[in-house]
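I opened a new notebook page for this structure. My plan is to look up one feature at a time and write down what I find.

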Amino acid sequence: MNNKKYIYLISTLLVLLLTSACGGPSDTKSPETQAGSTDTDQGNVVDPETPATSQDGTDASADPESNQGDSEATKDPDQEKQNEIQDPPAEGDQQILIVIDQTPKPITGNSFDFGVTKLPEGYSLSEMEWKSDKTEIKSTFQEAIEHGQTGEDGFYISGNGQFSGFIYPDGMKGEEGQVLFRFIDEQGHELTWEKTLTLK
């Protein structure tokens with residue numbers, strides 16, 4: 001009789017142990033969970049009754065654009081600017097490079113040389129100008145070619161364009177001003193390059 005009670009007591013304890021062990025969360029799905037749809041991409045069960053959450057635990061339903069990859073908060077504004085289509089540069093932004101050489105030369109008179117080393121396609125030199133508080137000298141391209149033949153003061157171009165410069169009298173030495181070069185294309189668009197310098 002005692003053996004039967006002992007066996008009954010042990011079996012009751014085993015049943016209690018099994019039910020308490022099985023009382024925790026299991027892999028089996030409740031009927032409510034099974035009714036939800038399955039997110040096949042991430043293997044997560046989506047319950048229509050509760051808001052969806054993203055992988056980092058944030059409420060995905062609060063941000064309608066969260067399914068598009070980046071939320072507005074995580075987008076880099078500098079990256080967005082780089083992705084925007086940039087307008088073509090304005091005409092004035094096109095690069096012109098002119099080298100001015102004021103190295104003393106073993107000739108009579110005073111002068112500096114200049115050379116156009118970079119110019120936007122389609123543009124050609126149309127006018128040169130020296131402008132200071134005391135003096136203003138302007139020459140067109142054609143006038144500079146004539147000065148190159150006659151040796152007259154002012155802007156000159158000679159040797160089929162190989163030599164170009166500005167000849168000035170002694171009275172202009174030490175003047176500080178601006179040298180300007182204007183370029184034009186066939187459509188009449190104009191570009192200007194200028195530099196401030198002191199005549200030596």
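**Entry 1. Salt bridges**

I began with charged pairs and found Glu 127, Glu 129 and Arg 182 linked in a network of salt bridges. The test for a salt bridge is a side-chain nitrogen of Lys or Arg within 4 Å of a carboxyl oxygen of Asp or Glu. I note that this is a predicted model, where local features need pLDDT of at least 70 and side-chain atom pairs count only at pLDDT 80 or more, while totals for chains, interfaces and linings use all residues. Residues are numbered from 1 along each chain as its sequence is written, and side-chain values use heavy atoms, with hydrogens and water left out.

Glu 127 meets Arg 182 with the closest N and O atoms 3.0 Å apart. Glu 127 sits in strand 5 and Arg 182 in strand 9, so this pair ties together parts that are 55 residues apart in sequence. Strands here are DSSP runs of E with at least two residues, helices are runs of H or I with at least four, and both are numbered from the N terminus.

Glu 129 also forms a salt bridge with Arg 182, again with 3.0 Å between the closest N and O atoms. Glu 129 lies in strand 5 too, so its bridge to strand 9 joins parts 53 residues apart in sequence.

Are these residues buried or exposed? Glu 127 and Arg 182 are both buried. Glu 129 is buried as well, at 1% relative accessibility. Arg 182 has 16%. The cut-offs are under 20% relative accessible area for buried, over 50% for exposed, and partly exposed in between (1.4 Å probe, protein chains only).

How many salt bridges does the whole structure have? The search finds three. I also looked at Lys 105 and Asp 113, whose side chains meet at 3.6 Å, N to O. Lys 105 is partly exposed at 27%. Asp 113 is partly exposed at 23%.

**Entry 2. The nonpolar core**

Next I looked up the largest nonpolar core, which has 22 residues. Such a core is a set of buried Ala, Val, Leu, Ile, Met, Phe, Trp, Tyr and Cys residues joined through side-chain atoms within 4.5 Å. Phe 114, Phe 155, Val 179 and Phe 181 have the most contacts inside it. Strands 3, 4, 5, 7, 8, 9 and 10 each give two or more residues to this core. In soluble globular proteins, nonpolar side chains tend to be buried together.

I picked out Phe 155. Among the residues it touches, beyond four places in sequence, are Phe 114, Met 128, Trp 130, Val 179 and Phe 181. Glu 129, from the salt-bridge network, is also on its list. Contact means heavy atoms within 4.5 Å.

**Entry 3. A pocket**

I then turned to the second largest pocket, with a volume of about 160 Å³. A pocket is an open set of points on a 1 Å grid over the protein atoms alone, where a 1.4 Å probe fits, with protein on both sides within 12 Å along at least five of seven lines; lining residues have an atom within 4 Å of a point. Points are joined across faces, edges and corners, and the volume is the space filled by probe spheres set on them.

Lys 105 is one of the lining residues, and so is Ser 111. The lining divides into four nonpolar, five polar and three charged residues. Strand 4 gives the largest share, three residues. Ser 111 lies in strand 4. Ser 111 is buried, with 14% relative accessible area. Its contacts beyond four places in sequence are Lys 105, Phe 166, Ile 167 and Tyr 168.

**Entry 4. Two loops**

Leu 119 lies in the loop between strand 4 and strand 5. It is partly exposed at 29%. Its contacts outside four places in sequence are Gln 95, Ile 96, Ser 124 and Phe 183.

Asn 160 lies in the loop between strand 7 and strand 8. Its phi is near 55 degrees, a positive value in a residue other than glycine. Asn 160 is exposed, at 85% relative accessibility.

**Entry 5. The whole chain**

Last, I noted four helices and 10 strands. Buried residues make up 22% of the 200 in the chain.

Technical notes: Nonpolar A, V, L, I, M, F, W, Y, C, P; charged D, E, K, R; others polar.
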